[in-house]
Amino acid sequence: MALKDFVGNEQVVKFLRKVTLKGSLTHAWLFSGPAKVGKRTLAIEWAKLLNCQSPIDSSEGIDSCEHCSSCRHLSPERPSYAQNHPAVYIVDTLLAAYWEAVEKAKGAEEVDLKKLSPKLSLGINAIRTLRDAIAHQTFGRYRVIIVDEAERLTEEASAALLKTLEEPPDKTIFVLVSANPWAIHPTIRSRCQPLRFRLVPMQTIAHALKSKGLSDYEVNLISRLSRGRVGWAMEMLQKEELWQSRSFLLSIVKMMAEMNWWDVFKFAELCTKGAEEEESGDETKTASQRRQLEELLEGLMLVWRDIWASNLEVEDLVVNADWLTTIKQIAKSSDWAIKVLWEIRQTYRQIRPPFNANPQLAFELLAIQTMKGALQ
Ligand SMILES: [Zn+2]
């Protein structure tokens, strides 16, 4: 992959090409915008271009060659801990988990990579990578340090980063990536050149999916479901488990539509499956379970929004188009979709910081609040 293959946010790509060609580069950048629109991917592709040994000049503008030894060492698909470019470093919550596992196992050979699960924050391990990166001599033209989910840097890590940003080493570029830029330390934010990403139009995503050989039905469904998040659409093509979690989502929605008192406990148990390990105090596990719950609630909000749209007879707005029959059935028998949406939103707030409510209890409450009979 090179810049020419990047889908959406054309203005951002154009801008980066221009500044690269000019060679007048600010040393700190902040790529912000919605999740899964390609911020991290573009940061890596840009690092590739900056270090390419024989960049090409295509009709679309300057681009990396994809063949030189530098280009071959860098791939957005590879996880952060497996990147082995001598001048490009990717700091993220998975790398933090990797370093922690290496420490525990007393050696990288012992680490079970399949069991790695991203950490909640970027702390001491992030600083270590940062220091290592700066201590090493640069072999590429630019040393590029990408910090993904920069809002997760701890106070300590933020202070270390700030110090480096204030006395930047030569030929070093920092790219901070974040979907929640306001949560980044304000002084760090003020040192960065902001670059804002936007959601990608549905037609652009559809076009990209079509070029991958998908049927019209699949193109239509996935581009609708993606809601502008091109990265999510591409993941859908590769990960079978994402489709499985969709059918689980549908079963949960059906259960909500028919909920009675006997189902409350079962509903909460199904939704929070696996969350019982929380008590173990393992922060990594807790983080990934909380994320799963958040994703489930986001999915539920979307389906209930569809049911609401169907209530209002604006079915063009239904995103989960492949479930239209079921959505119509539920909409016909239930006119409380807006109330359910509100309650899901409340649960979503409660299970996240700073509240961190017990998931089982939060979902039991959701079940009770959204039960038909309980709404009078
Ligand atoms: Zn190259």
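How many bridges join strand 1 to strand 7, and do they run parallel or antiparallel? In this predicted model, 4 bridges join the two strands, which run parallel. The legends below start with that part of the structure.

**Figure 1. Strand 1 and its two partners in the sheet.** Strand 1 covers residues 28-32. On one side, 4 bridges join strand 1 to strand 7, and Ser-32 has Arg-196 of strand 7 as its bridge partner. Strand 1 is also joined to strand 6, by 5 bridges, and this pair runs parallel. Here Ala-28 stands opposite Phe-174 of strand 6. Strands of a sheet pair through backbone hydrogen bonds, either parallel or antiparallel.

**Figure 2. The side chains of strand 1.** Ala-28, Leu-30 and Ser-32 point one way from the strand, while Trp-29 and Phe-31 point the other way. Because 5 of the 5 residues of strand 1 are buried, the strand is largely enclosed by the rest of the structure.

Figure 3. The strands are arranged in the order 4-5-6-1-7, with parallel pairing. Strand 4 (88-91) and strand 7 (193-196) stand at the edges; each has a single partner strand, so one side of each lacks a neighbour in the sheet. From one strand to the next, the twist averages 20°.

Figure 4. Glu-151 is found in the loop between strand 5 (143-147) and helix 6. Is Glu-151 buried or exposed? Glu-151 has 20 other C-beta atoms within 10 Å, and a residue counts as buried at 20 or more, so Glu-151 is buried. Beyond its neighbours within four places in sequence, Glu-151 is in contact with Ser-178, Asn-180, Pro-181, Ala-183 and Ile-184. Asn-180 is 29 residues away from Glu-151 along the chain, yet 6.4 Å separate their C-alpha atoms.

**Figure 5. Helix 4 and the residue that follows.** Helix 4 (residues 93-105) has 13 residues. From its first C-alpha to its last, the helix reaches 18 Å, close to the 18 Å expected at 1.5 Å a residue. Its buried residues are Thr-93, Leu-95, Ala-96, Ala-97 and Tyr-98. Just after helix 4 comes Lys-106, with a positive phi of about 60°.

**Figure 6. Two further residues with positive phi.** Most residues other than glycine have a negative phi. Lys-171 is not a glycine, but has a positive phi of about 50°. Lys-171 lies in the loop between helix 6 (155-166) and strand 6 (172-178) and is partly exposed, with 15 other C-beta atoms within 10 Å. Asn-356, also not a glycine, has a positive phi of about 45°. The loop that holds Asn-356 runs between helix 15 (337-351) and helix 16 (359-369). Asn-356 is partly exposed, with 13 other C-beta atoms within 10 Å.

**Figure 7. The buried face of helix 10.** Among the residues of helix 10 (residues 230-238), Val-230, Gly-231, Ala-233 and Met-234 are buried. Seen down the helix axis, the buried residues fall within an arc of 160°, so they line one face of helix 10. These residues pack against helix 2 (39-51), helix 8 (202-210) and helix 9 (216-226).

**Figure 8. The domains of the chain.** The domain assignment gives domain 1 (3-196), domain 2 (200-238) and domain 3 (240-375). Taken over C-alpha atoms, the centres of domain 1 and domain 3 are 35 Å apart.

Definitions and conventions:
Residues numbered from 1 in each chain as written. Predicted model: local features only at pLDDT ≥ 70, side-chain atom pairs only at ≥ 80, totals over all residues. Domains from an automatic or database assignment. Buried ≥ 20, exposed ≤ 12 C-beta atoms within 10 Å, placed from the backbone. Expected span 1.5 Å × (residues − 1). Pairing = 2+ DSSP bridges. Axes fitted to C-alpha atoms, helices over the stretch in contact; angles between N-to-C directions. Arc of directions from axis to C-beta. Contact = placed C-beta atoms within 7 Å.
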